[in-house]
Amino acid sequence: MMVKIEDIFTEAFDAFKANWVSLILATLVLMVGSIFIIPGPPLLFGLYIMCLRAVKNERTEVLDILQGFDYFLRSWGIFLGAAVIILIGLALLVLPGIALLILLIYAMPLSIERNLKAVESLKASYRLSRENLKFTIILALIVYAINVVGGWIMIGSILAIPYTALCVSAATVRLLEKY
């Protein structure tokens, strides 16, 4: 089964349309909570929990974002592990850091889908990305571009963050179906 990039973006858009209120409100919670640093990774983890449900045609509620706190240490482990690896890559020559940023894109959704600990999810993301390298590079470039453009204005971020998380979640689910 071939996973097509356009199918991922369509699936994410459909999931966004069905859950837009809860996803936007949860993103606002994420943005405000991230100001205080400590709740940031668990809230992002909670957003991915919501996005994985949404791409599976399950309804989401705003308070679902708080389920990320059930994985407080795991979310921080993934966040810090990825940050350290990516920063080392960036310090080496920039390109290794960019490559790692792409290769670790599936870490949070994989952790949720497969109930993996932090290090296991980083390794699994690396493997899944390598096995689907062309697809992952295209996905990552589009997702990061949407977030950069969305970040230029506040309303853009409020829409871009949940939509791109849905894209990554949908891609994770579809790629896992191949195995």
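Colleague: How do the axes of H1 and H8 cross, and within what distance do they come?

Modeller: In this predicted model, the axes of H1 and H8 cross at roughly 130° and come within 7 Å. The two helices H1 and H8 are therefore oblique to each other.

Colleague: What is the handedness of the crossing of H1 and H8?

Modeller: The crossing of H1 and H8 is right-handed. The contact of H1 with H8 has 21 nonpolar residues, together with two polar and two charged ones.

Colleague: What about H1 and H2: at what angle do they pack?

Modeller: H1 and H2 pack at about 170°, and their axes lie 9 Å apart. That angle makes H1 roughly antiparallel to H2, because angles over 145 degrees count as roughly antiparallel.

Colleague: Which residues make that contact?

Modeller: From H1, the contributors include Glu11, Ala15, Leu23, Ala26, Thr27 and Leu30. From H2, they include Leu43, Leu44, Leu47, Met50 and Cys51. By class, the contact of H1 with H2 divides into 12 nonpolar, six polar and one charged.

Colleague: Let us stay with Leu47. Leaving aside its neighbours within four places in sequence, which residues is it in contact with?

Modeller: With those neighbours set aside, Leu47 is in contact with Leu23, Ala26, Thr27, Leu30, Ile65, Ile161, Pro162 and Ala165.

Colleague: Which residues touch the most other members of the largest nonpolar core?

Modeller: That core has 53 residues, and Ile8, Leu47, Tyr106, Phe135, Leu139, Leu166 and Cys167 touch the most other members. At least two residues of this core come from each of H1, H2, H3, H4, H5, H6, H7 and H8. The largest share, 11 residues, is supplied by H8.

Colleague: Turning to Thr172, is it buried or exposed?

Modeller: Thr172 is in helix H8. Its relative accessibility is 0%, so Thr172 counts as buried. Apart from neighbours within four places in sequence, Thr172 is in contact with Tyr106, Pro109 and Leu110.

Colleague: A new topic, then: how far apart are the axes of H5 and H6, and at what angle do they pack?

Modeller: The axes of H5 and H6 are 8 Å apart, and the helices pack at an angle of about 110°. H5 is therefore roughly perpendicular to H6. The crossing of H5 and H6 is right-handed.

Colleague: Which residues of H5 and H6 make the contact?

Modeller: H5 supplies Ala107, Leu110 and Ser111, while H6 supplies Ser121, Leu122, Ala124, Ser125 and Leu128. Of the residues in the contact of H5 with H6, five are nonpolar, three are polar and none is charged.

Colleague: What is the relative accessibility of Ser125?

Modeller: Ser125, in helix H6, has a relative accessibility of 0% and therefore counts as buried. Beyond its neighbours within four places in sequence, Ser125 is in contact with Leu103, Leu104, Ile105, Tyr106, Ala107 and Leu110.

Colleague: And Ala124: is it buried or exposed?

Modeller: Ala124 is also placed in helix H6. Ala124 counts as buried because its relative accessibility is 12%, and buried means under 20%. Leaving aside neighbours within four places in sequence, Ala124 is in contact with Leu110 and Leu116.

Colleague: Which residues of H4 are buried?

Modeller: In H4, the buried residues are Gly97, Leu100, Ile102 and Leu103. What covers the buried residues of H4 includes H3, H6 and H7.

Colleague: Finally, the loops. Where is Asn57, and what is its phi?

Modeller: Asn57 is in the loop between H2 and H3. Although Asn57 is not a glycine, its phi is positive, at about 65°. Asn57 is exposed, with a relative accessible area of 74%.

Colleague: What of Val94: where is it found, and what is its phi?

Modeller: Val94 is found in the loop between H3 and H4. Its phi is near 70°, a positive value in a residue other than glycine. With a relative accessibility of 42%, Val94 counts as partly exposed.

Key. Residues numbered from 1 in each chain as written. Predicted model: local features only at pLDDT ≥ 70, side-chain atom pairs only at ≥ 80, totals over all residues. Heavy atoms only, no water. Core = buried A, V, L, I, M, F, W, Y, C linked by side-chain atoms within 4.5 Å. Buried < 20%, exposed > 50% of the residue type's maximum accessible area, 1.4 Å probe, protein only. Helix = DSSP H or I, 4+ residues; strand = E, 2+ residues; numbered from the N terminus. Contact = heavy atoms within 4.5 Å. Axes fitted to C-alpha atoms, helices over the stretch in contact; angles between N-to-C directions. Parallel < 35°, antiparallel > 145°, perpendicular 65-115°, else oblique. Left-handed = near helix turned anticlockwise from the far one by under 90°. Nonpolar A, V, L, I, M, F, W, Y, C, P; charged D, E, K, R; others polar.
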